[in-house]
Each structure stands twice: as structure tokens, then as C-alpha cells.
Amino acid sequence: MNTDFFNFQPVTPVQQVSYQRSDKKKLTFLVKRDDLIHPLVSGNKWRKLKYNLNLAQNANFAGIASFGGAFSNHIAALSALGHQAEFPTIGFIRTDHIDSKNPTLRLAKDRGMTLIKLTRQEYRLRNDPGFITSLKVQYPDYLFVPEGGSNEAAGAGLKELADEISQQCEFDRFAVAVGSGGTVSGLMDNLPHNGIGVAVVRDDTLITNLTKKYGNRLTLKYNPISGKYGKVTPELAEFCLDFFTQTGIPVEPIYTGKLLFNLCLHREYLNIPDDEKILVIHTGGLQGISGLIYRQKISASDWISVIEATAN
Ligand SMILES: *Cc1c(COP(=O)(O)O)cnc(C)c1O
């Protein structure tokens, strides 16, 4: 394995941001720009995969295998890191066929990832020990990393994020988009602060578990306002574009855009007092924009300047 990437210790900036709503109310908060962390791998996926690659190398695995949807940021990130580290990767993809025109899968394949399709029924078993064992029979020397990359090794990378933030700025609460919950947990476990999470997937078990674990320290809400996972309402798209125009910070509408939409336009829903100093974690994921354009969920002409402003 080529571990040059591992010696790379970027410190991403924390930026003070003002956003003015259409009712003229002006909001200010801090943004941790983890979208800028790496030229190919943005945000929390770099944090989570870093120590998984380290583990794979130290334990002499032949490669890393993981799971994701057809437009997954995690799959994009794993393929890019595998390519850079010259280390084999396998992506088990929830899809009926591997669409060679899908921008995420095409790039993953170009980066040398082996793509294997799983039916929806098979994919539901992605965390089932028996199913994983059956896959391991076929790929015995691979390190299997769960969907989204949230495992114990990911925690070490998220601790680095938490330590970095603590040294960089003062704030009352942090706010982050929640998928599998790995990132919000990593921050809650390593920061003294309370947190706000906006869950982009409706997963009642996850919400119950996290609420049980962190109690009052964590305000965690499912995001009903801006639509289901992967759904981009016109209001949400318009907000993301307006946020970019006002701040120069590119956001996608699946994770960080959804978090900011709630934070800026529906503060009462998250119980955020006006004078509270919030640190928003920009978890990246901007590669997902091309997939949304490909599926015609947003228009290429509206989003071209956002794409041009992304680091990866
Ligand atoms: C995967 C992802 C998340 C969710 O992170 P979890 O650790 O799975 O909760 C948030 N933002 C972006 C951009 C992501 O790609």
C-alpha cells in the first residue's frame, strides 16, 4: 500500500458565515469546512476511512470491501482512497445493474474499484453476520467495512476532527447531518459540547438508539421539512443555491444542504435560540451533485457554478 495519503494531515478552516433570509433576518454561525479536506475525498468519509486503510494495511488485508447505493459518497470516497493508496477495493452496490453512465459508479470503476451489484433484498442483509460471512467466503482476505464507513476504526478519525475543532474555535453547540450516525457519535464521544443532528434518512431505530445514548446532550430530529432522503424539493434546491450565492460555500441538498435548510429557515424546529453560537460541520459530499443532475432531480445549468466551486 502507498501510504503517502496518510502522512497528509490537513487542517480544514473554520469560517464565520452570515446568511440573510428573505424576511431580512440575518443569521451568523461558524462552518467547519471539511468539504475541503482532500482533493478527491470530501468530508467525513475521509475522516472515517483513514484509519480503516491503516487497519487494512497493518493487519495485512488484501483489500477493502464495502456497501453503498448507486450514488453513494462513501463508495466514491473509498474508490478514490483505494486508487491513491494503490490498494484494491470492492463496492457492493444496491442496484439492478451497474449503470456505466452513472457518474459515481463510472468514476469508481475508473479508479479500479470492483463493482458488484446486490438486489434490494440482498442489500437489506448488508449488516447481517451470516450474509457477510457468505461474502467473505468469496473475498476471504478483504476487510469488510459497513455502509457509510461507520465502525470502530472510523472513530479514531472522527476523534481527530473533534480535537481539531476544539483547538480552532469556541462555540455553544455543533450541528451535523446524520446518515448512519457514525459522525455525530464520533463528535459526541470526543467533544464536551452538546450537538444537533438532522437525520436525512427516516430510521426510527437509529434515532431511538442515539437519543438513548446521548440523552439531552443531543437534539436529533428527522428532517420532514425538505423531503425524504434523496428527494430534492424546489425550496431546498433554491435554498442551497442561495446559500452558495451569499456565502461562497458550495453545499449539496442531500446532507449539509438539508441541515442548513433546517438551521436557517426552520430554527424553531431545532430549538435554536437566536444568540446561540452554532458550529456547522460541512461533511462534504459534493460529488453527489453530478448524480442528482444525472437523475434530473436538479438542473445542470443552475448548479454549474456550485460544481465549479467544489474542491473535488
Ligand atoms: C455519509 C455522509 C453523512 C452522514 O454521515 P454518518 O456518519 O453516516 O451519519 C453526512 N454528510 C455527508 C456529505 C455524507 O456523505
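Is Asp189 buried, partly exposed or exposed, and at what relative accessibility? In this predicted model, Asp189 counts as partly exposed, with a relative accessibility of 46%. The residue forms a salt bridge with Lys213, in which the closest N and O atoms are 3.8 Å apart. This pair connects distant parts of the chain, since Asp189 belongs to helix 7 and Lys213 to helix 8, 24 residues apart. Lys213 counts as exposed, at 52% relative accessibility.

Helix 7 spans residues 182–190, and seven of its nine residues are buried, so the helix is largely enclosed by the rest of the structure. The buried residues of helix 7 are Gly182, Thr183, Val184, Ser185, Gly186, Leu187 and Met188.

Strand 7 (residues 173–178) is likewise largely enclosed by the rest of the structure, because six of its six residues are buried. In a regular strand, side chains alternate between the two faces of the sheet. From strand 7, Arg173, Ala175 and Ala177 point one way, while Phe174, Val176 and Val178 point the other way, and all are buried. Strand 7 pairs with strand 8 (residues 194–199) in the parallel sense, over six bridges. Within this pairing, Arg173 stands opposite Asn194 of strand 8.

Side chains of opposite charge can pair when their charged atoms come close. The structure holds 13 salt bridges. One of them joins the side chains of Lys25 and Asp274, with an N to O distance of 2.8 Å. The two residues are 249 residues apart and lie in distant parts of the chain: Lys25 is in the loop between strand 1 (14–20) and strand 2 (26–32), and Asp274 is in the loop between helix 11 (267–270) and strand 10 (278–281). Lys25 counts as partly exposed at 27% relative accessibility, whereas Asp274 is exposed, with a relative accessible area of 56%.

A further salt bridge is found between Asp204 and Arg202, where the closest N and O atoms are 3.7 Å apart. Salt bridges with shared partners also join Lys32, Asp34, Arg47 and Glu164 into one network. Asp204 lies in helix 8 (residues 204–214) and counts as partly exposed at 48% relative accessibility. Arg202 counts as exposed, at 57% relative accessibility. From C-alpha to C-alpha, Asp204 and Gln121 are 20 Å apart in space, and they are 83 residues apart in sequence.

Lys228 is located in the loop between strand 9 (218–222) and helix 9 (234–247). This lysine, Lys228, is exposed, with a relative accessible area of 60%.

Definitions and conventions: Residues are numbered from 1 along each chain as its sequence is written. This is a predicted model: local features need pLDDT of at least 70, side-chain atom pairs count only at pLDDT 80 or more; totals for chains, interfaces and linings use all residues. Side-chain values use heavy atoms; hydrogens and water are left out. Helices (H or I, at least four residues) and strands (E, at least two) are DSSP runs, numbered from the N terminus. Buried means under 20% relative accessible area, exposed over 50%, partly exposed in between (1.4 Å probe, protein chains only). Two strands pair if DSSP finds at least two bridges between them. A salt bridge is a side-chain nitrogen of Lys or Arg within 4 Å of a carboxyl oxygen of Asp or Glu.
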